[in-house]
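The sequence and structure come first.

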Amino acid sequence: MNTSEHAQYATVSRAFIADWLTALRPMCSASHFRSLLERSNLHLDQDRAQGRVTLDQIVSLYQLAAVETGDEMMGLWSRPIKPRALQHLLTTVREASSLHGALYRFSTFWNMLLDDYQFELVATDNAVQLILHPTGRRTPQRFGHMLILKLAHGLISWLVQYEVPVKAVAFAFDQPEFSHDYAVIFPAPVTFARAATSIAFERDALGPVHARSTEDLHSFLQNAPRDWIFTRSSEHTQSLRVRRYLSTCRWEEATLQDAARAMNMTPRTLIRRLETDGTSFQSIKDALRRDLAIGSLQNGQRSIEAIALDLGFSSAASFHKAFRRWTGNPPSLYRRQHRADG
């Protein structure tokens, strides 16, 4: 599995998008809200703690809601962001002669549109940091803060035609119960309960800008946010490196010892580094199996028994038990729900 396939098959918890749904709900009628979710293959009654959300579902909801609500940020900020704002932003940013200049243009563009926050771009000898300051006493909208930082990262990555390494990401809200989901979004350590929300880049990592055509711009807009919301980077926390290793090997080789050997370290060192990331080898392995299972059930016609075998389970029964633990539903029901909504 290559890095783009990693992004395709990654998922986040339902809790991760809860703030987004909370902001979106008042912007439309109850029937329209339900329609948006149904057309995005999301379920109102899905268990918030156990439900998983795929990239396809996020892209579908974003593309539908941004158009049908007339707000390209879908209620995430105090002032609606009018249609075509993202197009104007891309047009402005692609004229920059450097990535530092692109980040400056990004900050000044949003500072004209946001009432409740203002961006500051701070450059030192070693790093460039984009900081989001509140203009008053504000309760951070967690999904909104994530999305706008990821948009900055996505735009400069689009300009250089590779995923720009990120030095650090910080959020002004407390660490949520779904904090592990941020590893799917940002290729960097993420911290919480900071004075301000920010994203930082090593100054040396900000390479030269490549000219992007009008066709490139339209493609980025048409695919948004598919091309930038989930990270494709292989340079990440230790947990994503392990996930990347597991995605390329046979399940019989998917052991802690084999993974440690492939990364030129002892199993004890790998365990310690994963603990620093707040996870474990088994948790990463289970998460990859879960995401691959969801992708297979949504997109393929293969039997549940065949999927279980592919994922290294000893029997279909053990796969059923694991899938119910991961998502709250058996795989057969998950598949039926997807087909009914497709």
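The secondary structure consists of 16 helices and seven strands. The model is a predicted one. Its C-alpha trace spans about 55 × 55 × 40 Å along the principal axes. For 342 residues, a compact globule would have a radius of gyration near 20 Å; the protein has 20 Å, so the value agrees with that rule.

**Helix packing**

| Helix pair | Residues | Angle | Axis separation |
|---|---|---|---|
| H10 and H12 | 238-246 and 267-276 | about 120° | 8 Å |
| H13 and H15 | 281-299 and 316-327 | about 95° | 11 Å |

With an angle of about 120°, H10 and H12 are therefore oblique to each other. On the H10 side the contact is made by Gln238, Ser239 and Val242, and on the H12 side by Leu270, Arg273 and Leu274. These contact residues divide into three nonpolar, two polar and one charged.

The angle between H13 and H15 is about 95°. Because angles of 65 to 115 degrees count as roughly perpendicular, H13 and H15 are described as roughly perpendicular to each other. H13 contributes Asp286, Arg289, Arg290, Ala293, Ile294 and Leu297 to the contact, while H15 contributes Phe319, Phe323, Arg325, Trp326 and Thr327. By class, the residues of this contact are six nonpolar, one polar and four charged.

**Cavities**

How many cavities of 30 Å³ or more does the structure hold? There are three cavities of that volume. The second largest cavity contains about 40 Å³ of space. Its lining is formed by Tyr62, Glu72, Met73, Ile81, Ala85, Leu86, Trp110 and Leu151. Seven of the lining residues of the second largest cavity are nonpolar, none is polar and one is charged.

**Backbone details**

Most residues other than glycine have a negative phi, and most peptide bonds are trans. Two places in the model depart from these patterns, one for each.

Asn41 is not a glycine, yet has a positive phi of about 65°. Asn41 sits in the loop between helix H3 (30-39) and strand S2 (52-54).

The peptide bond joining Ala224 and Pro225 is cis, with omega of about 0°. Pro225 lies in the loop between helix H9 (214-223) and H10. H10 is also the helix that packs against H12, with the axes 8 Å apart.

Conventions: Residues are numbered from 1 along each chain as its sequence is written. This is a predicted model: local features need pLDDT of at least 70, side-chain atom pairs count only at pLDDT 80 or more; totals for chains, interfaces and linings use all residues. Side-chain values use heavy atoms; hydrogens and water are left out. Axes are lines fitted to C-alpha atoms, for helices over the stretch in contact, and angles run from 0 to 180 degrees between N-to-C directions. Helices (H or I, at least four residues) and strands (E, at least two) are DSSP runs, numbered from the N terminus. Angles under 35 degrees count as roughly parallel, over 145 as roughly antiparallel, 65 to 115 as roughly perpendicular and the rest as oblique. Contact means heavy atoms within 4.5 Å. Ala, Val, Leu, Ile, Met, Phe, Trp, Tyr, Cys and Pro count as nonpolar, Asp, Glu, Lys and Arg as charged, and the others, Gly among them, as polar. On a 1 Å grid over the protein atoms alone, a cavity is a set of points where a 1.4 Å probe fits but cannot get out, and a pocket is an open set with protein on both sides within 12 Å along at least five of seven lines; lining residues have an atom within 4 Å of a point. Grid points are joined across faces, edges and corners, and a volume is the space filled by probe spheres set on the points. The radius of gyration is taken over C-alpha atoms; the globule rule is 2.2 Å times the number of residues to the power 0.38.
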